[in-house]
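Subject: Structure handover

Hello,

Here is the structure I promised you. Please open it beside this email and follow along.

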Amino acid sequence: MSGELVEDSVYIKDQKESSQLYNKGNYGYPMKGGALELDLAEAAYLCECQRLIVTHMGKEMSFENLFNYSASAINDFDVKYMVYRDIRSRGFVVRIESGTFDMSVFPRGMTLSNSRPIYMVRAVSERMAFNISTYTEEISETESKGKALLYGVVDEEGDITYYIMSNINPTGSIFPEKMSKMTGYLIKDRIFIFDLLSSELLRKNGFYGKMIGNVLQLSIIEACYLLGKGEFSVLSSAKGEEIKLNKLLEFGKHTQDEFDLRMKAYSDAKKRGLVVKTGFKYGTHFRAYDESPDNCHAKYLIHAVNASSKTMWPEISRAVRLSGGVKKKFLFCEVGSTVKYVEFKWIKP
């Protein structure tokens with residue numbers, strides 16, 4: 001069949017061919033009079049599959065000509081086309097969209113007329129930088145419509161990795177009871193509790209810190225959290241002077257990167273009933289348990305970010321692959337005026 005290129009669309013005027021392509025192939029947009037309008041990605045795909053001949057100003061265009069024309073007319077056409085082509089080749093029905101999303105994806109075996117999209121898709125290059133707030137907005141938009149947000153990330157060799165993003169509200173079952181005030185000592189950048197009874201109570205009641213022999217070691221973040229609850233006091237190991245919360249927070253900011261950010265994320269996770277531990281060995285800020293760490297493995301890996309901070313896709317790829325390998329959910333904790341969590345999950349459509 002043949003179609004004519006006009007600006008950024010290809011038109012098939014033969015009514016029989018238009019009807020067949022729309023009803024059986026789920027391509028294009030029917031027009032008055034029986035013609036069919038194709039997006040450039042659809043036309044390029046059909047041209048590549050040798051199912052469509054495209055003419056322009058009376059001359060036949062090769063796939064190469066059509067692809068180059070489309071790339072000059074549409075920003076990032078090459079990336080969008082590769083994702084469109086890949087999803088189509090997997091047996092899905094794909095419709096090109098305008099606005100926030102690049103395309104919508106319908107279930108296998110269904111048609112445009114008898115089904116609704118299951119994914120809203122963004123096609124991006126692995127070199128694209130982004131901030132998490134962009135995703136929380138897009139996720140909210142797709143979830144409000146009962147769909148999932150799917151990102152197709154194209155690397156420099158043309159391979160495509162797919163990620164589903166969703167808002168999540170992680171919760172746990174560990175809510176420590178209020179404790180009487182205990183004392184620890186600041187030694188360099190760690191807090192040590194030498195009283196065995198206090199150490200055992202902190203471990204039993206909230207799974208704070210790590211026992212080293214009969215001594216409990218707390219992180220600065222854990223100590224600040226307990227100070228904020230009025231259940232702890234910290235003394236200087238050198239002079240025995242009490243260190244107030246504001247001073248300990250200031251100490252944390254000067255000795256640790258992103259301390260404020262991690263402190264807010266830690267505090268929010270604790271309020272949700274999660275047991276929060278360092279995620280250093282996983283390359284993230286925290287690992288979190290929704291039950292007693294004595295009875296289960298960590299369920300989440302949490303990385304705290306500012307809503308406005310930029311992130312690159314290779315960082316996402318490393319984190320998501322690692323979390324999948326250790327059977328944990330990878331969450332970005334977006335810290336802004338509120339705290340939000342976004343789950344990134346690798347999938348194979």
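**The sheet with β15 and β16**

Strands β15 and β16 run antiparallel and are joined by 3 bridges. Within this pair, Lys210 stands opposite Gln217 in β16. Bear in mind that the model is predicted. As background, strands of a sheet pair through backbone hydrogen bonds, either parallel or antiparallel.

Now look at the whole sheet. It is open and has 6 strands, in the order β15-β16-β14-β13-β17-β18. The pairing is mixed. Its edge strands are β15 and β18 (242–243), and each pairs on one side only. Helix α7 packs on this sheet. It touches β13 (182–187), β14 (190–193), β16, β17 (232–236) and β18. The direction of α7 makes about 125 degrees with that of β17.

**The 10-strand sheet**

There is also an open sheet of 10 strands. Its order is β7-β8-β9-β11-β12-β24-β23-β21-β20-β19, again with mixed pairing. Why is one side of β7 and of β19 left without a neighbour in the sheet? Both stand at the edges, each with a single partner strand, so one side of each has no neighbour there. From one strand to the next, the twist averages 30 degrees.

Find β21 (residues 300–306) and β23 (residues 329–335) next. They run parallel, joined by 7 bridges. Val305 has Glu334 in β23 as its bridge partner. Helix α5 packs on this sheet, touching β9, β11 (148–154), β12 (160–167), β21, β23 and β24 (339–347). The direction of α5 makes about 75 degrees with that of β12.

**Salt bridges**

How many salt bridges does a search of the whole structure find? It finds 15. Side chains of opposite charge can pair when their charged atoms come close. Take Arg122 and Glu138, which form a salt bridge with their closest N and O atoms 2.7 Å apart. This pair links distant parts of the chain, 16 residues apart. Arg122 is in strand β9 (residues 119–125), and Glu138 is in helix α5 (residues 132–144).

**The largest pocket**

The largest pocket has a volume of about 880 Å³. Its lining has 31 residues. Ser219, Glu222, Lys277, Thr278 and Gly279 lie nearest the centre. By class, the lining has 12 nonpolar, 10 polar and 9 charged residues.

Which elements each supply at least two residues of the lining? They are β15 (210–212), β16 (215–218), α7 (220–228), α9 (259–271), β19 (275–278) and β20 (286–289).

Best wishes

Notes: Residues are numbered from 1 along each chain as its sequence is written. This is a predicted model: local features need pLDDT of at least 70, side-chain atom pairs count only at pLDDT 80 or more; totals for chains, interfaces and linings use all residues. Side-chain values use heavy atoms; hydrogens and water are left out. On a 1 Å grid over the protein atoms alone, a cavity is a set of points where a 1.4 Å probe fits but cannot get out, and a pocket is an open set with protein on both sides within 12 Å along at least five of seven lines; lining residues have an atom within 4 Å of a point. Grid points are joined across faces, edges and corners, and a volume is the space filled by probe spheres set on the points. Helices (H or I, at least four residues) and strands (E, at least two) are DSSP runs, numbered from the N terminus. Ala, Val, Leu, Ile, Met, Phe, Trp, Tyr, Cys and Pro count as nonpolar, Asp, Glu, Lys and Arg as charged, and the others, Gly among them, as polar. Two strands pair if DSSP finds at least two bridges between them. Contact means heavy atoms within 4.5 Å. Axes are lines fitted to C-alpha atoms, for helices over the stretch in contact, and angles run from 0 to 180 degrees between N-to-C directions. A salt bridge is a side-chain nitrogen of Lys or Arg within 4 Å of a carboxyl oxygen of Asp or Glu.
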